[in-house]
Amino acid sequence: MGLEIRCVASWDEAFFQDWCLLHARLKAKTVLAESIADFALLLKNKADFPDEDWRAFSVHQDQKLVARGLVSINRQRPEIAKVGFLEFDDAAAAVDLLWQHVESFARQKGAKLLKGPINFHFFVGYRWRTFSKAKPFYGEPQQPSYYLAHFQRLGMRPLKTWETFRIRFFRSKRNYGEIRKAKRPEQRLRIRGIDMNNFEQEMVVIHRLFHEAFSAMPEFERISLEAFKKLYGSFRHIISPLFAFILEDAGNPVAFCINFMDPQALLLQHERLSKILPMKLVRLWTWLRIKLNFSRLLIMYVGRLPAPDGREYQGIQSLVAMKMTLPVALSVPHLLICYTAEDSPALKSYAPDQREVLSGYALFGKDL
């Protein structure tokens, strides 16, 4: 059994191409394929993520890649090592060899806590799914069940949990009516859809709001505007001003609610069709399908800033509910509230008979 290592100063396309092949071998049927471009975007140009120091580890057995993982440490938070992009066969010896080097690098850099899975950076992805009774949606973490067993064997314990749940539209409509009566929107607040004709500037606004709204989260790390655009620029193809909003106070953006129809099944179909049909035809077909897609609405990114006097704006949820009622009523999708934290105040907005829990997730950690 052998080990290969790459670091921030040694980008190696062949090395990460093997990572893509392992990912495809373990998850080909249900997960969108990784590409070498995904890793190049994150790791090739250090200027995009100047604060990250990383090591990538590959374990081979009989000339076959059987385990992989990447550890990254942000110089702004050197006490925390993040391990992610984990994929491995159900083989204890390979996982143990990988983990030995994961922890060794983290300790060498002075980290006191190992967290995972965090795929290189807060804005890239984190969490593993711990249970589910629904088909995966776009961006949802997926992994074989034995991954969790190995994590626990290695001493990784849940630090925080989240849920995704489905809400029933007509019950929600009554519930939101009660919310509107209890918390009427402040007159100074205005809500508007994302301006798709000015998406570049909208990304500047969203980048600022994300940083200010999410900065208190334990896993949060800053990201440059240029890197943010590279990661999220493709969202212009799947979001709609009917379901994605910015709220303003006297013209100043103070909150956001970015939702979109789940494109997971369509993108998987795109991958299959691209192997047998001309790419122009496949792209046109996928574009049409996405525009006509009303299957599952994902309530994905929600955040707000405090008012200038430090108090909480009243009626933001009510404004969003009113804005979405007609488009949702006309399309009648399944409504999924994604990644709601175990201690989120938002849970108080839903009656027990209104939500059906579909999936759970966890982030794990271990003291070093």
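The model is predicted. His-150 sits in helix H4 and counts as buried. Ile-276 is exposed and belongs to a nonpolar patch on the surface.

- Helix H4 spans residues 146-153 and contains His-150.
- The relative accessibility of His-150 is 7%. Buried means under 20%, so His-150 falls in that class.
- The side chain of His-150 makes a polar contact of 2.8 Å with the side chain of Asp-90.
- Arg-153 is another polar partner: its side chain meets that of His-150 at 3.0 Å.
- Leaving aside residues up to four places away in sequence, His-150 touches Phe-88, Asp-90, Ala-91, Ala-92 and Val-95.

**Helices H8 and H9**

- H8 covers residues 264-273, and H9 covers 279-291.
- The buried residues of H8 are Gln-264, Leu-266, Leu-267, Leu-268 and Leu-273.
- These buried residues pack against H9.

**The surface patch**

- Ile-276 lies in the loop between H8 and H9.
- Its relative accessible area is 65%. Exposed means over 50%, so Ile-276 qualifies.
- Ile-276 forms a nonpolar patch on the surface with Leu-277 and Leu-281.
- Together, the three residues of the patch have about 290 Å² of accessible area.

How values were computed:
Residues are numbered from 1 along each chain as its sequence is written. This is a predicted model: local features need pLDDT of at least 70, side-chain atom pairs count only at pLDDT 80 or more; totals for chains, interfaces and linings use all residues. Side-chain values use heavy atoms; hydrogens and water are left out. Patches are made of residues with over 30% relative accessible area and no salt bridge: like charges are joined within 9 Å, nonpolar side chains (Val, Leu, Ile, Met, Phe, Trp, Tyr) within 5 Å. Accessible areas come from the Shrake-Rupley method with a 1.4 Å probe; for residues, only the protein chains shown count as cover. A salt bridge is a side-chain nitrogen of Lys or Arg within 4 Å of a carboxyl oxygen of Asp or Glu. Helices (H or I, at least four residues) and strands (E, at least two) are DSSP runs, numbered from the N terminus. Buried means under 20% relative accessible area, exposed over 50%, partly exposed in between (1.4 Å probe, protein chains only). A polar contact is a pair of N or O atoms within 3.5 Å; within protein, one must be able to donate a hydrogen and the other to accept it, and residues adjacent in sequence count only if both atoms are side-chain atoms. Contact means heavy atoms within 4.5 Å.
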